[in-house]
Structure formats: C-alpha cells, structure tokens
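Please open the model in your viewer and keep the selection tool at hand. The tour below goes from one selection to the next and says what is to be found at each stop.

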Amino acid sequence: MSSKSGGIRVAVIGAGMAGILAGIKLREAGLTDFRIYEKADRIGGTWRENSYPGLTCDVPSHAYTYSFEPNPDWSHHLPPGPEIQAYFERTMVKYGVDQHIAFNEEVVRCAFEDGRWQLETRSGTGDTADIVIAATGVLHHPSYPDIAGIDAFASDCFHSARWDHMVPLDGRRIGIIGNGSTGVQIVSALASRAARLKHFQRSAQWIMPTVNDPFTDEERAAFHADPLLLKSMQNDPAYLEVAWGWTEAIIDADSSTMVQTEAAARANLEANVSDPVLREKLRPNYRAGCKRLIHSPDYYQAIQHPNAELVTDGIECIEPKGVRTRDGTLHELDLIVFATGFDAHRFMRPMNVIGRGGVELSQAWAKRPAAYMAISIPDFPNLFMLNGPSGPVGNFSLIDIAERQWAYISHFIAMIASGRAREISASHAALEAYEQERIKAAQTTIWGSGCNSWYLDAEGVPSTWPWSYRHFAAEMAVPRMGAYELVSPDIGSMQ
Ligand code: NAP
C-alpha cells in the first residue's frame, strides 16, 4: 500500500487468522487508527473454537503460516491445532496487533450512514469507521443434525466445536456422529482410549493417505539457523504443485490429476482395510474430490481397532441411553459427539449489515451469499471481505488466500486513505456477470458431480471459487477497477 496519509478509521470484524492479518497489514501501512472487534475473549477463530482431541490442520505446517512470519518450531509436518493457536497469539503480540483488539465485543449492527459505517456491539459499544473489513470466517456456526430426540440423551453430549474438556473420555462408551475431516480425526484420537467407540457414518468418505512425521530436533535447529531453508519450506514446490494442480483437477474432473487422486484414495482403502465387509462399507459411491478430501494417516487403522465399530445402519433417533439405528439396535453410550460440521453460508450473519440506501445484507443475499471476487458487495461501499463467499476453499492454505485478498483490498484502502475515492463497491453489473460465470463454471466442477457437502449452497450449486488457483492469484494481483463504482470525495459523484 503506497499511501500513508492516514486520517481514516478502519473496523475489522473478527480476530481469527484473517483479522490478525488485517491488523498486521494496516499497521505496516501506517494506518494505526483501527479496532478489531472479537466476540470471544481470545483470538484464534477456528483454532480457538475447535479444541477436540486429534485437532490437526491437513495443510503442511510451513505452508500454513503467514508468508512474512515463518515458524521454525512446528513440531510436525502437519500442524497440531494448539500450536496453530499459539502461533497466532505470539504473532499478534509481535506485530503489536493485541493493543487494537476489543474482546468480548460482538458486532451486532453495522450500517452505512452518511458515508461512514456505524457499528454497534452487543454490549452497546458504538464506533464509526470509514472502512469495514469482514474477517468473520467461514466455518464457525456449528451445525447440529436433524435427528429426532437430539435433546433426549441423558449423558454427555456436545458439538465437536464446543468440546467440553471436563467430560472424561478414557474407558467410556463414545459415539461420534459424522465422518468429515473432524469426525475422522476424533475417531483416530479416541479409538484406543474409549471402552467402545461407535462411528456413525451416513455417507462414506474418500480418504487420502498422508504422513505426519515429527520434525527432528536437528531439522528445527536448521530452520532456526538458516532463514533461506525455512523460507524454502514455506514455498515448497512439491506442495505448491499439488495444491495448485489440485484446483485444476477440480475444474477438469477427467484430468490426469483427478484420475491419479481417485486411484490413490482407492488404493489406500484396498491396502489398509482387510475385512471385505468393512471395506465395502467404507467405499464411497461418488467421486473422490466431490466432498472435501480427507487426509488421514491413521483413520483406517483406528476404525479397525478392537474397541471401534463403524455403524452404517442409519440413525433412527437419539434416546436417553444412546443412539437407535434403523435396524432397531440401541447403541448405548456415555458420550455423543456431533461432528456434523458447520453452516458455511452465513458468514458475518446474523449481524445486521445495512448498506447504502438502507439495503440489508439479508435482502442482498436472500438467494445466496455473493460478493464480487469474494471481496465486495454492491451497495455495501468500503466493506471488504476476507474469505468471503465464492473464495477458494479446499485442501490448501487459507492463509495464502487471505494474504492475496488483502493485497487486492489494500489497493482500495490506499485510494480511500489518499483521498482518491470516498466510497468503493463492486457494481451490480459486475457482480451479476461474475456470478453468472461462476455458477456456470461451478456446476461442472467435481464438487457438482453428485454428492452432498458443505460446499453446496441451498440450490445445490457449489459455492466456492470454480476456477484455478492461478486464475485466483492473477485476479488478486490488481483489481479490475471497471468492475467498481467509485464515489469521488470532492463532488460526491458516482463514476
Ligand atoms: P463436514 O465435512 O461438513 O462433515 C459433517 C459430517 O456430519 C458428514 O459426515 C455428514 O454426513 C455428517 N452429518 C451431518 N448431518 C448428519 C445427520 N443428520 N446424521 C448423520 N450424519 C450427519 O464437517 P467437518 O468434519 O467439521 O469439516 C468441515 C470442514 O472443516 C472441512 O471440510 C474442512 O474444510 C475443515 N476442517 C479441516 C480440518 C483439517 O484441516 N484437517 C479438520 C477439521 C475440519 P454426510 O456426508 O452424509 O452429509
């Protein structure tokens, strides 16, 4: 960002990975008049909300770091959740972002009035900002299953993102409902600790093999000693080739990468599950990549543990003593965990966001959440989103995505800070054309090939970036200003 003129106030909503990034970058640009509003009493977003046993990110540790803040101390090739949380906490302090955060302040209303955003928090705090950065994350509204009797269970019961660490686990009869990335990690962590673990699977999942070795002391010492080595770990060409190549496979379901991925997932199942009956229960009836691919070094071993059982009969209801399946069996349990995912389509809602002319976000998004380039919404000037609707999500680093989005947004912030524009938002025509193209492209991706997943919106359209990562990187390099409506500071005119 070139301008240092300042004089503008910025409100950032959310102090997770993206909100902390925004704080670091604002300070770097000399824009120190900003506040980050955080509804909880700690930063961390996803990594604060999730604390379940086995929590690990399936993106390689050194790729799951800010580009400007490498971390020589990752313990494993895949980063454990608590280490990620600690990394964000110390990075926040190192870059002086902590002094800008208002904790326990949930923004409930955000209205564009007389050219500025008026914010109001649940506790009644008010603020006025020229720019709002929505960094509220994607997967933070727990989704509870629509199962009869869900409140009837007499013992312990919670969602995976609301883990109650007071509840004992060892030697208990545990039921895990759901087998996405979360359920699979929990089963791996608990199979050997539970007296009996029942994994309730509605649809089978393709599982990619992965290794998660620890870094040795010598390796960590070398990362400390040699910044270039550490940097090369962040930009590991092997990871980038796989991650970027994967996005090309998603949009071309017949590509050789997709064929190889499917073969690897199938070979993993064949090689690691010996019982043919169990193997068939674990075999999905849709294409690999249709749901977000699961990477696990040990799920197949865990589900074959003598204490573990895969239950595929379908859940009839929950009763005081446990889960009853449609075959009439009552699975008696001491603890039920709902690893049933998140409502990924709410973004900053239920916050009441009101744009130019009184238009409400809930109206603008009545059909589906939409933002031009996943960043800007017509009639919501100077409100920019990090990890907003239709941005890339997948088996790669959301940090890299947010950094690229920030680079894009920083062009707008510089224009506003330097007085070259007063209001900036995508035009209706630009969003309409973008959405038309996006939906058309999304329908032919692997995500639309016939399975249920959180990628799909209410109409069954994949809601993520349906083009390659290369295309995303190119778009984020510099905004196409023709897609934006600008109000100039002097004459207040639209351009
Ligand atoms: P998810 O992928 O949405 O999986 C939800 C699971 O709950 C599915 O197995 C689903 O079954 C099941 N389910 C939902 N309602 C049900 C019902 N009524 N009865 C029975 N089963 C039901 O959620 P998640 O596992 O929490 O993962 C969400 C995302 O978080 C991931 O895709 C990933 O992006 C991220 N994540 C990443 C990591 C990582 O980096 N390793 C770890 C955890 C999460 P169906 O398949 O039949 O719908």
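Begin by selecting Arg368, which sits in the loop between helix H11 (361–364) and strand E19 (383–385); helices (H or I, at least four residues) and strands (E, at least two) are DSSP runs, numbered from the N terminus. Before going further, note that this is a predicted model, in which local features need pLDDT of at least 70 and side-chain atom pairs count only at pLDDT 80 or more, whereas totals for chains, interfaces and linings use all residues. Residues are numbered from 1 along each chain as its sequence is written, and side-chain values use heavy atoms, with hydrogens and water left out.

Arg368 is buried, with a relative accessible area of 11%, where buried means under 20% relative accessible area, exposed over 50%, and partly exposed in between (1.4 Å probe, protein chains only). Its side chain makes a polar contact with the side chain of Glu459 at 3.1 Å; a polar contact is a pair of N or O atoms within 3.5 Å, and within protein one must be able to donate a hydrogen and the other to accept it, while residues adjacent in sequence count only if both atoms are side-chain atoms. If you now show what surrounds Arg368, leaving aside its neighbours within four places in sequence, you will find it in contact (heavy atoms within 4.5 Å) with Glu435, Arg438, Ile439, Asp457, Glu459 and Val461.

Next, select Ser255, in the loop between helix H7 (237–251) and helix H8 (256–272). Ser255 is buried at 12% relative accessibility, and a polar atom of its side chain lies 2.8 Å from the backbone oxygen of Asp252.

The next stops are charged pairs. Side chains of opposite charge can pair when their charged atoms come close. The structure holds 32 salt bridges, each being a side-chain nitrogen of Lys or Arg within 4 Å of a carboxyl oxygen of Asp or Glu.

Select Arg162 together with Glu49, whose side chains meet in a salt bridge with an N to O distance of 3.1 Å. This pair links distant parts of the chain, 113 residues apart, with Arg162 in the loop between strand E8 (156–159) and strand E9 (173–177) and Glu49 in helix H2 (residues 46–49). Which of the two is buried, and which is partly exposed? Glu49 is buried, with a relative accessible area of 15%, whereas Arg162 is partly exposed, at 38%.

Then go to Asp334 and Arg173, which form a salt bridge whose closest N and O atoms are 2.8 Å apart. Here too the pair links distant parts of the chain, 161 residues apart, with Asp334 in the loop between strand E16 (330–332) and strand E17 (335–338) and Arg173 in strand E9. Asp334 is buried, with a relative accessible area of 18%, while Arg173 counts as partly exposed at 31% relative accessibility.

For the aromatic side chains, a pair of rings is described by the distance of the centres and the angle of the planes. The structure holds 27 aromatic pairs; rings of Phe, Tyr and Trp (its six-membered ring) pair if their centres lie within 6.5 Å, and planes under 30 degrees apart count as stacked, over 60 as edge-to-face and the rest as tilted. Select Trp47 and Tyr64, an edge-to-face pair with 5.8 Å from centre to centre and 75° between the planes. Trp47 is buried, with a relative accessible area of 11%, and Tyr64 counts as buried at 7% relative accessibility.

Finally, colour the chain by domain, with domain 1 as 10–141 + 343–494 and domain 2 as 156–338; these bounds come from an automatic or database domain assignment. The domain centres, taken over C-alpha atoms, are separated by 28 Å, and the contact takes 48 residues from domain 1 and 44 residues from domain 2. The area buried between them is about 4,200 Å², of which carbon and sulfur atoms give 58%; buried area is the accessible area (1.4 Å probe) that two parts lose on being put together, summed over both. Between domain 1 and domain 2 the count is three salt bridges.
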